Amino acid sequence: YTRGTVTAFSPFDARADAEALRKAMKGMGTDEETVLKILTSRNNAQRQEIASAFKTLFGRDLVDDLKSELTGKFETLMVSLMRPTYIFDAHALKHAIKGAGTNEKVLTEILASRTPEELRNIKKVYLQEYEANLEDKITGETSGYFQRLLVVLLQANRDPDGRVDEGLVEQDAQVLFRAGELKWGTDEEKFITILGTRSVSHLRRVFDKYMTISGFQIEETIDRETSGDLEKLLLAVVKCIRSVPAYFAETLYYSMKGAGTDDDTLIRVMVSRSEIDLLDIRQEFRKNFAKSLHQMIQKDTSGDYRKALLLLCGGDDE
């Protein structure tokens, strides 16, 4: 069961695709249209088979060829599509914490939105691929309550969904109310523990109860009582508890809204959600922003980059 826009292509022939790609990139000039059509209409597993056939037939590395033949954002998008699914997040995190400055936005987006199972997989892959412990890397580059909440999320020990205990819901809502609205300063630790460890269905009830008790949405309190990276992370966690597709719809919207486009975020979200829930994200986008994702990409991007993004988007929700 998937709510992705990209599914397995049928009938699939890895060798034929490899040959078409080689022809598209051989000699003078590149036939970008062929490249983008093939890569956006095959799923990730099929793209890996194409890469393997490419090497078998021509003794060349498909990703290296894409890098040398394409440029700019279009190149970044095609190379991202070629990254094996299970490595995608680990790779994004690796680049978010390497060298000068940490990209907190990427840490926030990935750790707030992935399921416990996905997080366990990311940690394992990170260790295999980069021979480093992801938690150590993150604690080395972050600090304070932001760091602590990242570490809690990384434990991937969120309670599984089950029967919701109304008494505990009431209790958590009261604790958050006292830790936020009623306290001189904010007791961040309570927010971190409750938002980082309780089950999704439990927390949805806690948010409703919080509204009843305080008269505020929990987001409003977080907005008022915290700031900086911690605030952004707490808000991302709350939004993902409410609805992961709605969180990504908003992320995509703000990547394109206003002057300039945050192409890294646009590419990362479009590629990483294309086989999971991009249909749901499109629905939320249409509902919350009075235009479709397709229309916004159309308006905000250009060239082969736009063509490829629109194919990934897979349709317009008028």
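Where is the place of Ala8 relative to helix 1 (14-25)?

Guide: This is a predicted model. Ala8 sits in the segment before helix 1, which spans 14-25. Its contacts come next. Setting aside neighbours within four places in sequence, Ala8 is in contact with Asn43 and Gln46. A spacing in the chain goes with this. Ala8 and Arg47 are 39 residues apart in sequence. In space, their C-alpha atoms are 9.9 Å apart.

Now take the partner, Gln46. Gln46 belongs to helix 3, residues 44-58. Gln46 has a relative accessible area of 6%, so it counts as buried, the cut-off being under 20%. What does Gln46 touch, not counting residues up to four places away in sequence? The list is Thr7, Ala8, Phe9 and Phe12.

Step back to the whole chain. The domain assignment gives domain 1 (14-85), domain 2 (101-155), domain 3 (166-242) and domain 4 (244-313). Between domain 1 and domain 2, the C-alpha centres lie 30 Å apart.

Next, a helix pair. Two packed helices are described by the angle between their axes and the distance between the axes. Helix 7 covers residues 104-113, and helix 10 covers residues 144-154. Their axes come within 10 Å and cross at roughly 35°. The crossing of helix 7 and helix 10 is left-handed. On the helix 7 side, the contact residues are Glu104, Leu107, Thr108, Leu111 and Ala112. They meet Phe146, Leu150, Leu153 and Leu154 in helix 10. The residues of this contact divide into seven nonpolar, one polar and one charged.

Last, the cysteines. A disulfide is a covalent bond between the sulfur atoms of two cysteines. How many disulfides does the model hold? The count comes to zero. Cys240 is in no disulfide, and the nearest cysteine sulfur, that of Cys313, is 20 Å away. A disulfide needs sulfur atoms within 2.5 Å. Cys313 is likewise in no disulfide, with the sulfur of Cys240 the nearest at 20 Å. Are these cysteines buried or exposed? Cys240 has 8% relative accessibility and so counts as buried. Cys313 has a relative accessible area of 0%, and therefore Cys313 is buried too.

Technical notes. Residues numbered from 1 in each chain as written. Predicted model: local features only at pLDDT ≥ 70, side-chain atom pairs only at ≥ 80, totals over all residues. Heavy atoms only, no water. Domains from an automatic or database assignment. Axes fitted to C-alpha atoms, helices over the stretch in contact; angles between N-to-C directions. Helix = DSSP H or I, 4+ residues; strand = E, 2+ residues; numbered from the N terminus. Left-handed = near helix turned anticlockwise from the far one by under 90°. Contact = heavy atoms within 4.5 Å. Nonpolar A, V, L, I, M, F, W, Y, C, P; charged D, E, K, R; others polar. Buried < 20%, exposed > 50% of the residue type's maximum accessible area, 1.4 Å probe, protein only.
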